[in-house]
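Here is a short report on one structure. Have a look at the chains before reading on.

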Amino acid sequence: MLRAGPKRGSQQHGNRIVADSFVEERLLKKVPRWRNYLEAKFGFRNHWYPVKFSREIAEGEVITAKIMGEEILLKRIDGKVFAIRDRCIHRGVKLSEKVECYTRGTITCWYHGFTYKWDSGKLCDIIASPNTPIIGKKALKSYPVEEAKGLVFVFVGDPDYEPHPLSRDVPPTFLDDDMVAHGASYMVKSNWRLGCENGIDDLHIYLHRQSPLVPNTQRSLPLGHTDRPDDFYELFEASDGPKGIAPRKFKDAKPMAYEGRVEGKVVVTGTKMHTTPEEAAKKRTTGHYVCLPGVLRVDNFPFTGLFQFEWYVPVSDDTHLYIITIAKRCATEEERAEHEHEFLHRWKPVSLEGFNNEDVFAREALQPFYNHDDNWLEETLVREDNGIIQWRELCHRHSSGVQKPSDVL
Amino acid sequence: MLRAGPKRGSQQHGNRIVADSFVEERLLKKVPRWRNYLEAKFGFRNHWYPVKFSREIAEGEVITAKIMGEEILLKRIDGKVFAIRDRCIHRGVKLSEKVECYTRGTITCWYHGFTYKWDSGKLCDIIASPNTPIIGKKALKSYPVEEAKGLVFVFVGDPDYEPHPLSRDVPPTFLDDDMVAHGASYMVKSNWRLGCENGIDDLHIYLHRQSPLVPNTQRSLPLGHTDRPDDFYELFEASDGPKGIAPRKFKDAKPMAYEGRVEGKVVVTGTKMHTTPEEAAKKRTTGHYVCLPGVLRVDNFPFTGLFQFEWYVPVSDDTHLYIITIAKRCATEEERAEHEHEFLHRWKPVSLEGFNNEDVFAREALQPFYNHDDNWLEETLVREDNGIIQWRELCHRHSSGVQKPSDVL
Amino acid sequence: MLRAGPKRGSQQHGNRIVADSFVEERLLKKVPRWRNYLEAKFGFRNHWYPVKFSREIAEGEVITAKIMGEEILLKRIDGKVFAIRDRCIHRGVKLSEKVECYTRGTITCWYHGFTYKWDSGKLCDIIASPNTPIIGKKALKSYPVEEAKGLVFVFVGDPDYEPHPLSRDVPPTFLDDDMVAHGASYMVKSNWRLGCENGIDDLHIYLHRQSPLVPNTQRSLPLGHTDRPDDFYELFEASDGPKGIAPRKFKDAKPMAYEGRVEGKVVVTGTKMHTTPEEAAKKRTTGHYVCLPGVLRVDNFPFTGLFQFEWYVPVSDDTHLYIITIAKRCATEEERAEHEHEFLHRWKPVSLEGFNNEDVFAREALQPFYNHDDNWLEETLVREDNGIIQWRELCHRHSSGVQKPSDVL
């Protein structure tokens, strides 16, 4: 190497001048309690993110993904998945432009033959310049990978950050032995935070009142909430667990609104399929839990006994990968088979592509407004939105690093 | 509402840093006599602008428009048109993504059921959160609306600015009782100021010399002008009337050029259908008048006895809505019917879509140059262009506010 | 002219604020030895650039081109080609929107009839305003033009810079009397510097190992180089000649690598068709030479006895015109005819559109990385890349001016 790249103080995106952050200091300083969240336009670093389903990476295949603005390459070798950055250290071209794997454990750049090891990113050979001193000394960025419940998780972190256990980045119960998850993923044209906030937004159920899921499941769906107590949410901030937030308990009496009024007149009604609290427990979703780096668990949804786990994985500043799984505790092979069948033939069409498509619509409708960073300070939140504010503040407090221009360019 | 949005000092457009103004101070200070005009890239605030023809808004229909970068919604209720901003105050989504009007006088946001009154913008209900204290206290921006001569005018103004009468924003005679106007509108990919300046540019008639309108009307059309006196224009700046500029009178002798020469040789000729000044009065357009916020009247055009009124309504920084009307004084129903027939079957195809299409071509050809704010200081105007400079200075003096990033984002 | 345009201190590109330079000072100051090169995103001024082949400009035809961001017009009059800027001085529209040439030696703007002389750019008439004082005093920018070897060269320079001879801007031998060149041009979506650097990059031959040219010519093609001496390159910096760089001599023994190894195992082999140094001279390309403003000569390529001359002409910051010629010394008409036939039927398909297409692929793959100016400081060059660094430094030392925003806007 002829010259060490100096550390960058500010960044230029093409002709465009950008600062150290994707978001201006002028705005950040206005929200001291959720500053890191406002800044995390490209997501939080030092976390595990799912990027693919396990079934999407066959043995020996090289596939591409993009996460938090970083382009990566994945390959499964002897069953284990490895991930490296899709950018040759030499002159920055993508290895994926023309994949060359001469040995099982390496990948070679099509341009000058820079060859890297999949397991470490280490530069082990340069075909066009075999005696160059940098061989063995330089490396491509490599990403820790874990697979769980049919998902491939990648740890996007700083070089000096030792990855924490995956269990700290998923909602409780997801990794339980008997939990079986099936799912699908969708590319959504909105910032990842809008995915999160829509997911935990209790009032947005109004949007779903005509969803095909409602008649399919014959369960209750209110239009909204009223007079919620200030201490409605519980925060989870133990140092060794996920950092999350959840309603203390779901109440089903007064706070639920099943009748929508305009100027005193009932103009729209929700679906109420229960009369007693006992019935309600079977006919209602019973809770949700969201944690860093942007994962939601919904209990008894889309049906009694199921758990929906969903991720809003930052792809860029205006796109996230929406990964939805429907999980169920299964004790036997027969139960597993039945759950898979139900997922494919009932929940995928009716819930993921019925109910959740309505959420995708909403998030993409939020994007033009929130795409202007200024507008994060122009919204008019209501009392029932305080879960969103508590979520932003929790993210701020537990931020382990915000993705910056220098991580992406 | 959990938090009051602080007043914005400067704006960010996506990732892009923008200042308080759409145009840099560095440039503005170079043109002290027309600084406000250079700054008014998105138009002047506190004016009446036509946004639709009356016939385009049927009773009960909700339609969208965009003006000066603001997206608005229009609805006709019991004959009267109302206009509100197409952006829910809650989380900024467009109401028009999915229109829900449960009562005749309200519109409800599809996302959380925020419901607004069409006549005031006031938030009257929130379906998903019926007891929230902000109900009745907050409002969506609403715009005063007036209809005249088949056009729907919207007043885009500051909250504390009491709308002045429409008569101050249209050329004299337009609102006269016997004046009957018919027209059409076209979206043009150029800044609105280029529409204005092309409209009042006396030299641009060279462009029209082969227009289909010329043989159709058998009227005179010179190629340009020579030796025009310095006091050619009269300014109209009375406090209670429109602010405008017009030639003192149309002279038809020496200042008109009907022969075009290159290196002394006649290479192109205009169309001269008259020999005496008396004939000229019948064969020639006899004047034009332009006023704020960008409206032109042309007398005896496209034919003797007709008036062309046209608006260049700012839609964004690079697009304007070109509204053209052909007006005529009509005393009887029969005259009105004949004028409408003539408009549809003669003037719309031959003049609006013949002659004026050439103007659209020219304005769109100007856009790449003037799109760079610097280039407003790089043009090379000639003596006969002094009307353009006087127009810019008049706009500067009578500016009632320039549309800013904070009005648009 | 009503007002003199003030000299611009900084530039605005649409809404975007740009500085005096297309590249930030913050970055430029980090590379003091090749600062001018890093800054020359739009190319170097005061040089001769080919923009068309002579055969592309027929007598009397007006054609457009874009070079270093400047839009120009070319016309051949009585055999001689003239070039002027394609932007009327009056209001900045392109003359090419509607070409009007009333006399052989002039062009008239379609908008107001501003008429310019092709040979000087001088404003000689204004049809719509024939008596205006600026006639004869103002001029459109005109560009010196020379034709040589079937190419039309345009000098893009400062007003006060007297064009130097074309021979200072082409590699030696190109202008020799017996040299006959044929070629073609291709628009490439990469910065011009990436064209240059790929051209002189000795290691990139790895990319070409499966090129159709190799079996077609039965010549040797190594995979790369090893253990190259530090003084491998010779610099040409005489004041009256082209400023260039070339390998001292091509060695064919140890420094060439014909076997590509990964982890000790041979995984790919080059093509070696010779066994002795004498044979090598016939079977190998024997050298290359690159000079300002971005021209390469390759000797004995694509075949013994041929010279490839190629240009990377800046069109904009992300596009260059790749002009390739295959030249041969021809003593007789018969040799000339045979060379033309060979070019069209062998070298154009197999070399230009076979071999060189692989280079186009590489340059376009480099663009996303180098498009971020910061990344010019993030590459990891190897010892064998020192020719690239020497080239950058030579360009820096002999820069006669960098194209700036004020030259382009």
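This is a predicted model. Start with helix α3 of chain B, which spans residues 192–199. Eight of its eight residues are buried, so the helix is largely enclosed by the rest of the structure. Buried here means under 20% relative accessible area. The residues in question are B:Trp192, B:Arg193, B:Leu194, B:Gly195, B:Cys196, B:Glu197, B:Asn198 and B:Gly199.

What do they pack against? Three helices of chain B take part: α2 (35–39), α6 (333–370) and α7 (386–397). The strands β21 (295–299), β22 (307–316) and β23 (319–329) of chain B are there too.

Now turn to chain A. An unreviewed UniProt entry annotates residues 48–154 as "domain: Rieske". Over that stretch the chain is 0% helix and 44% strand. Its end C-alpha atoms are 5 Å apart.

| Item | Value |
|---|---|
| Residues from chain C | 56 residues |
| Residues from chain A | 48 residues |
| Buried area between chains C and A | about 4,500 Å² |
| Share of that area on carbon and sulfur atoms | 53% |

Between chain C and chain A there are four salt bridges. A:Glu100 forms a salt bridge with C:Arg209, and their closest N and O atoms are 3.0 Å apart. The two chains also have 15 residue pairs in polar contact.

Several elements of chain C each supply at least two residues to the side touching chain A, among them α1 (25–28), α3 (192–199) and β19 (265–269). Helix α6(C) gives the most, with six residues. By class, this side of chain C has 24 nonpolar, 11 polar and 21 charged residues.

Technical notes:
Residues numbered from 1 in each chain as written. Chains lettered and ligands numbered in written order. Predicted model: local features only at pLDDT ≥ 70, side-chain atom pairs only at ≥ 80, totals over all residues. Heavy atoms only, no water. Buried < 20%, exposed > 50% of the residue type's maximum accessible area, 1.4 Å probe, protein only. Helix = DSSP H or I, 4+ residues; strand = E, 2+ residues; numbered from the N terminus. Contact = heavy atoms within 4.5 Å. UniProt positions renumbered as here; feature names shortened; annotations may be inferred. Buried area = accessible area lost by both parts, 1.4 Å probe. Salt bridge = Lys/Arg side-chain N within 4 Å of Asp/Glu carboxyl O. Polar contact = N/O pair within 3.5 Å; in protein donor to acceptor, adjacent residues only side chain to side chain. Nonpolar A, V, L, I, M, F, W, Y, C, P; charged D, E, K, R; others polar.
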